[in-house]
Amino acid sequence: MEKKQIIFIFLFSLTIYLLYTGLFCGFKWFMFGDATEYERYAVNLLSGKGYVYDIGGIESYARRPPLYPFLLAFIYYVFGHSFVVVKIVQAVLASVTNVITYSILLKFTGNKATAFISGLFSSIYFAYIYGVYMHLADGLFTFLLVLSVYLLIISNEDKMPGYLLSGIVLGLATLTRPTTLILPVILLPWFIFKYKNKAVKIFSAYLVGFVCLIAPWTIRNYLVYNAFIPVQTRSGENFWASNNPWSKGRCNQQHNDIENIKDLSELEKDKRMTKWAVDYLKGLSTVQFCKLYFLKAASFVYPFMCEYSFKYDPTFGMIIPFWFYGMYLTIKSKDLQGWLFLLILLTFFMFTLIYYGGEIRFRMAYSPYIIMLSSIGIANFTRVLGNMRVSAAVYLLWLVINIWAFFYYQYLYMIANYFLVAIRGS
């Protein structure tokens, strides 16, 4: 039964992703700011120029994390400059991500029905579909992070290679997007409570795998910049983009002084932007500071797809109440496996508060843990209702409401925007 469910989830997911991409998007390359830079790094790698990208006349050697451009370069080297193959590879990665999500929840709950809900819903989750047809690192990052979690929870306490491998895969995820750079520190209490006397030994194996994977790239960056840069140089720019007078909880890179720093080195420019952000935050009153971070926190559950004219995302909206219910059940149960999901969500929430991450593509990376917690909530809510007909009626009604919201999103957005404008002041 388990094998049949795994095969079904994989094939169903792959069919959905390829059909949607082929019918609605096409197997072409989408011109997009981040995608353009990933593409240029990959092309320069293939041409022998190395990992470099010319931006505004200044060569950037670490503006983007390296793993996704290296994957693109590998695909182009093997299959030619084919955007079709890139999308197929991303569809396969997303489908495997859904299988791993199913496997993690099955390991956690022991309930095939609950696990199957998570795998099935993952197949239609729009953020994953978006990640397939866009040339962005989010799909690869999501896959590597969920694989690292799976390796972590199936590892045997008496055998260190599993934990070492989990740390290595987490290192690969961090070289795809450095959001998880602080994850080992946040997970340390989890290791202590779960493994007790063996915690130091197990965490050390995990940390060694993580550090040893990242270290070569960090050393390379030090040799290039003569500065400690674990993954990328763009952290200052990201920090400033959501901490300036125009951001108001979102990402806004408009600034009159940008022209004045365009000739600075990559590292100096990043330092200058960090200073701008810090100076701005220092100048805020307590009320203004709270407003800014409330708006950033709200982006964590913002159900509108900002890249699509603010249309409503029904696949995210449907699971929000069950997500919070699932978190409540997990906290109440004090199950350490569930706390692992909560700590990962905490990591992304912290980065949302610092950098902002409400766009659907940033939502993708923490979605497996939201979906797993939501599946737990749905399974328990069904048991509470006690009657399958009543349960089906409730879920059908909720589905209809979300479909209505998708087609008439402008009314919901108008209400949400009214409150957001009231808080922002503009």
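How are H4 and H6 oriented to each other, roughly parallel or roughly antiparallel?

**Figure 1. Packing of helix H4 against helix H6 in the predicted model.** Helix H4, residues 83-109, packs with H6 at an angle of about 150 degrees. Angles over 145 degrees count as roughly antiparallel, and H4 and H6 are therefore roughly antiparallel to each other. Their axes lie 7 Å apart, and the crossing is right-handed. On the H4 side, the contact is made by Lys 87, Gln 90, Ala 91, Ala 94 and Asn 98; H6 contributes Tyr 128, Gly 131, Val 132 and Tyr 133. Classified by residue type, this contact has five nonpolar, three polar and one charged residues.

**Figure 2. Packing of helix H1 against helix H6.** Helix H1 spans residues 2-25 and helix H6 residues 126-133. The two helices pack at an angle of about 65 degrees, and their axes are 10 Å apart. The crossing of H1 and H6 is right-handed. From H1, the contacting residues are Ile 16, Tyr 17, Tyr 20, Thr 21 and Cys 25; from H6, they are Phe 126, Tyr 128, Ile 129, Val 132 and Tyr 133. By class, the contact of H1 with H6 comprises nine nonpolar residues, one polar residue and no charged residues.

Figure 3. Leaving aside residues up to four places away in sequence, Phe 141 touches Ala 173, Thr 176, Arg 177, Thr 179, Thr 180, Phe 348 and Ala 365. Between Phe 141 and Tyr 395, which are 254 residues apart in sequence, the C-alpha to C-alpha distance is 31 Å.

**Figure 4. Asp 335 in the loop between helices H14 and H15.** The loop holding Asp 335 lies between helix H14 (314-333) and helix H15 (336-355). Asp 335 has a relative accessibility of 29% and therefore counts as partly exposed. Residues up to four places away in sequence not being counted, Asp 335 touches Phe 108 and Thr 330. The C-alpha atoms of Asp 335 and Phe 108 are separated by 9.1 Å, although these residues are 227 positions apart along the chain.

Figure 5. Among the elements of the chain, helix H3 (residues 67-79) has the highest mean pLDDT, 95, whereas helix H16 (residues 360-363) has the lowest, 72. Where pLDDT is low, the predicted coordinates should not be read in detail.

Key. Residues are numbered from 1 along each chain as its sequence is written. This is a predicted model: local features need pLDDT of at least 70, side-chain atom pairs count only at pLDDT 80 or more; totals for chains, interfaces and linings use all residues. Side-chain values use heavy atoms; hydrogens and water are left out. Axes are lines fitted to C-alpha atoms, for helices over the stretch in contact, and angles run from 0 to 180 degrees between N-to-C directions. Helices (H or I, at least four residues) and strands (E, at least two) are DSSP runs, numbered from the N terminus. A crossing is left-handed if the near helix is turned anticlockwise from the far one by less than a right angle, and right-handed if clockwise. Contact means heavy atoms within 4.5 Å. Ala, Val, Leu, Ile, Met, Phe, Trp, Tyr, Cys and Pro count as nonpolar, Asp, Glu, Lys and Arg as charged, and the others, Gly among them, as polar. Angles under 35 degrees count as roughly parallel, over 145 as roughly antiparallel, 65 to 115 as roughly perpendicular and the rest as oblique. pLDDT is the predictor's confidence in each residue, from 0 to 100. Buried means under 20% relative accessible area, exposed over 50%, partly exposed in between (1.4 Å probe, protein chains only).
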